[in-house]
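Morning, everyone. I have a few minutes and one structure to walk through. Please have the view open.

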Amino acid sequence: MADRQEKLSVAFAWLSALLVPALLAMVTGFLLRRGLPSLQVALWFGDTPPLAALLHGAPVFDGIWPACLGTLYLVALVALMAVPLGVASGIFLAEYAGGRTKLAFSFCIELLAGIPSILMGLFGFALILFLRRSFAPEANTCLLLSAFCLTLLVLPYLISSTRLAIESLPDALRLTGASLGLSHWQLIRRILLPASAPGIFSGVILAIGRAAEDTAVILMTGVVANAGTPGSLTAKYEALPFHIYYLAAEYQSPAELAQAFATALVLLALTGLLLLAARRLQAGLEIK
Amino acid sequence: MKAAIRVEKLSVSFAGKHVIRHLSLEIASGGPTFLVGRSGSGKTTLLRALNRLNECLPGCATSGQVELRLGEQWVDAYAATTNVENLRRRVGMVFQSPNVLPLSILRNIEMPLKVALSLPADEAEARAEQALREVHLWDEVKDRLSQAASTLSGGQQQRLCLARTLALRPQILLLDEPTASLDFKAAQRIEDLLLELKSRYTLLVVSHSLGQARRIAESLFVLHDGERIEALSKDVFQDRDALFSVMDELI
């Protein structure tokens with residue numbers, strides 16, 4: 001009986017493990033089949049000559065190049081704001097906060113993690129309304145606002161992964177560092193952070209992925225269908241996930257729908273590239 | 001013999017549970033002084049109370065007095081004015097299992113020197129070489145200093161840890177079962193090293209091995225349940241049969 005149960009459990013575990021790659025292959029295959037034929041230079045740059053767009057900043061009207069740039073800028077901005085904040089908060093929770101403070105902070109972060117992204121978008125929108133009515137009548141939804149709201153959205157991933165990575169380090173490492181006369185901060189900076197880098201980076205990767213693919217937040221905070229390449233932090237912009245949503249919801253011809261699939265492929269590739277870059281960075285940062 | 005460590009009514013508890021209670025003892029300079037006792041009798045906690053390392057573990061509370069002679073001065077380890085990082089540099093510690101940092105062989109020694117003592121690179125390197133020679137590891141590793149310390153054998157790792165501690169130029173060395181995780185040969189090398197080091201440092205060794213204590217200890221304490229500590233005279237602990245019969249009574 002026990003033997004049979006074990007066999008069943010093993011079979012179920014295998015099946016579950018195989019299901020994930022199978023589903024991934026199905027989704028990617030579907031995307032490739034529908035999107036690959038449209039994946040041409042015209043998809044990127046429309047009627048504009050690519051070199052003119054790349055080198056001289058010639059405006060692109062029917063291509064996804066501005067959306068690619070918009071998403072890249074957005075992700076970079078979010079990383080710039082969220083990574084230092086998230087890692088620092090994680091360090092605080094793991095190393096400095098104690099007792100009730102730790103409980104209270106952890107509770108807040110769990111709450112933040114539970115907020116749906118559309119609500120975060122609404123918050124950004126309400127923030128702009130507030131600013132316009134109070135001390136910044138010129139304020140409008142823009143790239144910076146989107147990045148700010150996305151930062152709020154991804155912060156919990158970063159905080160939790162940093163905290164977990166540091167807290168799960170063996171006590172021996174701490175004792176060793178302290179026994180060598182390192183101060184608490186030196187211990188964190190020189191021993192604990194490098195040793196927990198892989199865990200922290202998995203949080204960074206999650207956060208980057210989330211920032212690149214989120215549509216709900218940017219929908220409310222500054223993304224538009226036609227803005228060209230983003231000119232400044234306070235300008236409107238285009239982004240890949242919104243472009244896909246827009247095309248899929250309002251396509252006029254089968255060709256436009258195919259474009260949406262191709263754009264989805266590009267987004268997938270872009271996220272993959274970002275993750276690869278993060279992994280390379282992680283390998284470079286490991287202690288030598 | 002001059003005293004190097006004075007412990008007065010020391011109590012240490014973790015999350016309210018006493019590990020050491022009202023313990024007083026005096027340890028002579030030089031040594032090696034051995035501290036033996038059953039598992040869980042509080043040997044390691046006593047050792048860590050001397051360089052205040054217990055404080056790095058959650059829920060620790062310490063009371064009583066620990067005085068250490070560093071240079072010509074007596075330092076109250078738990079006084080508010082005592083700089084704990086400085087204290088730990090001068091009261092070095094080697095742990096039971098070799099705890100090399102995930103760094104290269106050379107960086108294992110250099111990093112604390114550069115970070116904790118703010119030594120310039122060339123001085124840190126010179127000190128690292130000196131420390132590695134002191135533990136007779138230099139010839140074995142001089143061509144592979146940039147390799148990960150984890151590639152060394154267990155015995156070599158333990159000698160590297162000893163070198164790392166010596167490079168900080170401590171005056172007192174606390175050794176927590178330094179040979180427990182090593183094979184016979186590697187353990188013997190560490191024992192030989194301890195005999196070499198005893199003229200320059202005050203050595204306090206926690207050990208499970210009565211044989212080892214008999215071979216190299218100058219004085220020996222037996223700790224019982226974190227409360228009673230008994231000093232054995234040299235003629236008792238060097239006589240194998242006398243030692244075993246006393247230990248049977250005490251433990």
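Let's start with a pair of helices in chain A. Helix H6, residues 117-133, packs against H7(A) at an angle of about 140 degrees, and their axes are 9 Å apart. The crossing of H6(A) past H7(A) is right-handed. Which residues of H6(A) and H7(A) make the contact? From H6(A) come A:Ser117, A:Met120, A:Gly121, A:Phe123, A:Gly124 and A:Ile128. From H7(A) come A:Leu145, A:Phe148, A:Cys149, A:Leu152 and A:Leu153. Look at the numbering while you have those residues on screen. An α-helix has 3.6 residues a turn, so residues three or four places apart point the same way.

One caution before we go on. This is a predicted model.

Stay with H7(A). Helix H7 of chain A covers residues 143-167, which is 25 residues. From first C-alpha to last, H7 reaches 35 Å, close to the 36 Å expected at 1.5 Å a residue.

Now go to the start of the chain for a contrast. Helix H1 of chain A, residues 2-35, has 34 residues. H1 reaches 49 Å between its end C-alphas, close to the 50 Å expected at 1.5 Å a residue. The number of buried residues among those 34 is one, so H1(A) lies largely in the open.

Next, a second packed pair. Helix H8, residues 171-179, and helix H9, residues 184-213, both of chain A, pack at about 155 degrees. Their axes are 10 Å apart. An angle over 145 counts as roughly antiparallel, and therefore that is how H8(A) and H9(A) stand to each other. H8(A) also passes H9(A) in a right-handed crossing. On the H8(A) side, the meeting residues are A:Leu173, A:Arg174, A:Gly177 and A:Ala178. On the H9(A) side, they are A:Leu187, A:Ile191, A:Leu192 and A:Ala195.

That brings us to the neighbouring chain. In all, 17 residues of chain A are in contact with 20 residues of chain B. Which elements of chain A give two or more residues to the side that touches chain B? They are H8 and H9 of chain A. The largest share of that side, seven residues, comes from H8(A).

One single residue, quickly. A:Phe92 sits in helix H4 of chain A, residues 65-96. It has 16 other C-beta atoms within 10 Å; buried needs 20 or more and exposed needs 12 or fewer, so A:Phe92 is partly exposed. A:Phe92 and A:Gln186 are 94 residues apart along the chain, and 14 Å separates their C-alpha atoms.

Finally, zoom out. Chain A has 12 helices and zero strands. Its C-alpha trace spans about 65 × 65 × 35 Å along the principal axes. There are 288 residues in chain A, and 36% of them are buried. Take the contacts in chain A between residues at least 6 apart in sequence: 74% of those join residues at least 24 apart.

That's my tour. Over to you.

Terms used:
Residues are numbered from 1 along each chain as its sequence is written. Chains are lettered from A and ligands numbered from 1 in the order in which they are written. This is a predicted model: local features need pLDDT of at least 70, side-chain atom pairs count only at pLDDT 80 or more; totals for chains, interfaces and linings use all residues. Helices (H or I, at least four residues) and strands (E, at least two) are DSSP runs, numbered from the N terminus. The expected span of a helix is 1.5 Å times one less than its number of residues. Axes are lines fitted to C-alpha atoms, for helices over the stretch in contact, and angles run from 0 to 180 degrees between N-to-C directions. Angles under 35 degrees count as roughly parallel, over 145 as roughly antiparallel, 65 to 115 as roughly perpendicular and the rest as oblique. A crossing is left-handed if the near helix is turned anticlockwise from the far one by less than a right angle, and right-handed if clockwise. Two residues are in contact if their C-beta atoms, placed from the backbone, lie within 7 Å.
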